[in-house]
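Let's walk through this one by its cross-links and its ring contacts. Have a look at the model first, then follow along below.

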Amino acid sequence: EQQRAAAVDACAARDAAADIELSALCIETKCNLADGNSCGVNAYKTIMDGVAATVAEKERVYNQKSVVCSKAQDDAATTCAAAEQYSETDSCASKREVLGSKTSTCDHSSESASVAICSFGGDLKSKCADLSEVNELVAEIKGSSREDSLSEPDRQAEWAAVQRLTCLLEALRDDGDLSTEATAACADARKYPETFDYMAEAIAAINCDQQSFSFSGYSWIMGSTADQCSRSAATLPFSSGADQQAFPVCGENPNTQLLLGEGSELVKGTSLGEVQASQNYEVSFVVTPHQTRTGWANLIHFTQSGKNCCDEGDRMPAAWFFTDTTRLHIRSGRKDGGNDGCDPTEQLPLGKATKVDIRVAEGKMQVFYAGSKVCETSTYGSPTVPAGTMVAYAADPWHYAALATVSHLSYTRL
């Protein structure tokens with residue numbers, strides 16, 4: 001609109017410059033050359049020269065303003081055409097794509113944070129349960145009325161007797177004092193090692209009475225635009241009870257099936273049971289590579305057909321390490337592409353745990369490492385529509401098992 005208005009103003013200025021106002025020329029219609037005055041030709045010539053100069057200057061200004069007018073009209077037409085095309089192709093599409101990508105990243109970061117929080121909570125609950133057993137055992141050992149192998153008083157008595165005998169033998173060897181008093185004094189100087197003093201310090205470092213913990217990056221605040229996606233800290237109540245979740249965020253998702261909890265080194269042909277298949281899904285696991293190996297090294301393989309490759313339902317999904325690397329090769333079947341997938345370029349670090357998320361939804365496959373997207377393909381507009389259950393392997397029976405540990409493997413129907 002601004003450029004249209006500018007074009008109107010420029011063309012109005014051109015039109016105004018087109019008008020030339022000339023004063024009336026007073027020219028006599030009859031004269032007599034006999035009078036010797038040449039009928040005033042020289043005066044008329046001077047006037048006409050002035051008029052010609054004025055017209056020439058006016059013409060120059062008019063042409064100049066015409067160029068400005070034409071350019072302004074062209075610019076306005078180009079801008080308006082672009083604006084109409086921009087509107088027709090949806091001006092918000094690129095912004096929605098940015099927001100969608102940011103939202104996905106935020107969601108996965110939040111999920112990764114929740115997994116880390118719940119993993120920490122589970123480990124702490126296990127330590128607290130073990131600590132309770134340790135405290136019970138210590139109480140039994142310190143009991144004064146026991147008559148079995150746990151009796152601490154018996155061990156203290158044995159220690160004292162051995163020390164008295166040792167002092168007596170040392171005195172014989174060194175021609176020392178063999179009296180009862182000297183032997184007792186020597187034995188008393190050798191204090192019984194208070195094992196439980198060290199244990200008490202170690203136990204005190206495990207705080208099972210803490211009521212809450214603060215975490216950075218757990219709670220994600222989503223706005224309506226990509227730049228409003230930010231994270232904030234959160235303080236969560238902790239419960240060490242055996243029949244309670246460690247933190248409120250650790251409640252079970254009815255659409256999520258946990259197939260593997262604590263880590264274990266991969267063994268070829270290990271079945272983890274069946275899962276209910278889904279057209280849209282997310283598979284999450286934590287992998288710690290120990291070393292590379294030659295050939296395709298399998299980590300996980302979900303199959304509905306019971307076969308390796310390469311029809312629909314054979315790989316739903318499956319993941320390997322490329323030969324002699326820790327770079328992931330990820331496949332998941334779709335219509336007209338039973339062996340399609342996405343291969344991140346990054347290699348996973350040896351000896352370090354990395355959380356991997358494989359997500360097939362909204363026509364895309366996306367792969368995340370520790371919540372950050374590392375691979376995406378948009379070829380899943382027609383994904384496989386599975387029915388029934390699948391068998392999950394870690395590792396599968398068709399390939400070498402990767403030399404790695406996998407833990408916290410789960411399958412979520414989206």
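Before anything else, a word on burial: a residue is buried under 20% relative accessible area, exposed over 50%, and partly exposed in between, using a 1.4 Å probe and protein chains only. What you're looking at is a predicted model, so local features need pLDDT of at least 70 and side-chain atom pairs count only at pLDDT 80 or more, while totals for chains, interfaces and linings use all residues. Residues are numbered from 1 along each chain as its sequence is written, and side-chain values use heavy atoms, with hydrogens and water left out.

Now the cysteines. A disulfide here is a pair of cysteine sulfur atoms within 2.5 Å, and by that rule there are four of them. Take Cys309 and Cys310, which are joined with an S to S distance of 1.4 Å. The torsion about their S-S bond is about 85°, so this disulfide is right-handed. Cys309 is partly exposed at 27% relative accessible area, and Cys310 is partly exposed too, at 40%.

Next, go to Cys167 and Cys186, joined at 2.0 Å from S to S. Helices (H or I, at least four residues) and strands (E, at least two) are DSSP runs numbered from the N terminus. Cys167 sits in helix 4 (residues 152–173) and Cys186 in helix 5 (residues 180–188), so the bond ties together parts that are 19 residues apart in sequence. With a torsion of about -75°, this disulfide is left-handed. Cys167 is buried at 5%, whereas Cys186 is partly exposed at 25%.

What about Cys342 and Cys375? Their sulfurs are 1.8 Å apart. This pair links distant parts of the chain, with Cys342 in strand 10 (residues 341–342) and Cys375 in strand 13 (residues 372–377), 33 residues apart. The torsion of about -95° makes the disulfide left-handed. Cys342 is buried at 4%, and Cys375 is buried at 11%.

On to the rings. Rings of Phe, Tyr and Trp (its six-membered ring) pair if their centres lie within 6.5 Å; planes under 30 degrees apart are stacked, over 60 edge-to-face, and the rest tilted. The whole structure has four aromatic pairs. One of them is Trp296 with Phe322, tilted at 50° with centres 5.2 Å apart. Tyr393 and Trp398 have centres 5.8 Å apart and planes at 70°, so they are edge-to-face. Tyr393 is buried at 16%, while Trp398 is partly exposed at 32%. Finally, Tyr281, Phe302 and Tyr411 form one aromatic cluster.
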